Amino acid sequence: MTRRAKKFVEVEGVRVPQQGIRRHRYAWIERGIPAAESDRAAAFQDRWGGLALPPAPFYESGPRLT
């Protein structure tokens, strides 16, 4: 992550309540999703889950609230 992006997340980021995806692990495995992928998704959620960010001032694509 760039220094600018890191600063934006630190200053503008807000953590919101979330439901953990770990509770779905066994159901995913039963449906053929490898355990490693389930663990990877859980690790991603641990790091980024529940993070709400406003649009960046110089964001040039995607939805933007005005």
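Helices, here runs of H or I of at least four residues, and strands, runs of E of at least two, are DSSP runs numbered from the N terminus. In these terms, the chain of this predicted model comprises three helices and two strands. Along the sequence, these elements follow the order α-β-α-α-β.

**The chain as a whole**

Of the 66 residues in the chain, 9% count as buried. The chain exposes about 5,900 Å², of which carbon and sulfur atoms supply 57%. Contacts between residues at least 6 apart in sequence were also examined: among them, 67% join residues at least 24 apart.

**Helix α3**

Helix α3 spans residues 35–48 and has 14 residues. From its first C-alpha to its last, α3 reaches 20 Å, close to the 20 Å expected at 1.5 Å a residue.

The buried residues of α3 are S38, A42 and Q45. Viewed down the axis of α3, these buried residues fall within an arc of 60°, so they line one face of the helix. An α-helix has 3.6 residues a turn, so residues three or four places apart point the same way. The other side of α3 carries A36, R40, F44 and R47, which are exposed. The cover over the buried residues of α3 includes α2, which runs over residues 25–30.

Just after α3, G50 adopts a positive phi of about 80°.

| Residue | Relative accessible area | Class |
|---|---|---|
| S38 | 4% | buried |
| D39 | 40% | partly exposed |

The classes follow from the cut-offs: buried means under 20% relative accessible area and exposed means over 50%, with partly exposed in between. S38, at 4%, is therefore classed as buried.

Which residues does S38 touch, not counting residues up to four places away in sequence? They are R25 and W28. The helix α2, which covers residues 25–30, is part of what covers the buried residues of α3.

For D39, the spatial relation concerns R22. D39 and R22 are 17 residues apart in sequence, and their C-alpha atoms are 8.0 Å apart in space.

Methods:
Residues are numbered from 1 along each chain as its sequence is written. This is a predicted model: local features need pLDDT of at least 70, side-chain atom pairs count only at pLDDT 80 or more; totals for chains, interfaces and linings use all residues. Side-chain values use heavy atoms; hydrogens and water are left out. The expected span of a helix is 1.5 Å times one less than its number of residues. Buried means under 20% relative accessible area, exposed over 50%, partly exposed in between (1.4 Å probe, protein chains only). The arc is that of the directions from the helix axis to the C-beta atoms. Contact means heavy atoms within 4.5 Å. Accessible areas come from the Shrake-Rupley method with a 1.4 Å probe; for residues, only the protein chains shown count as cover.
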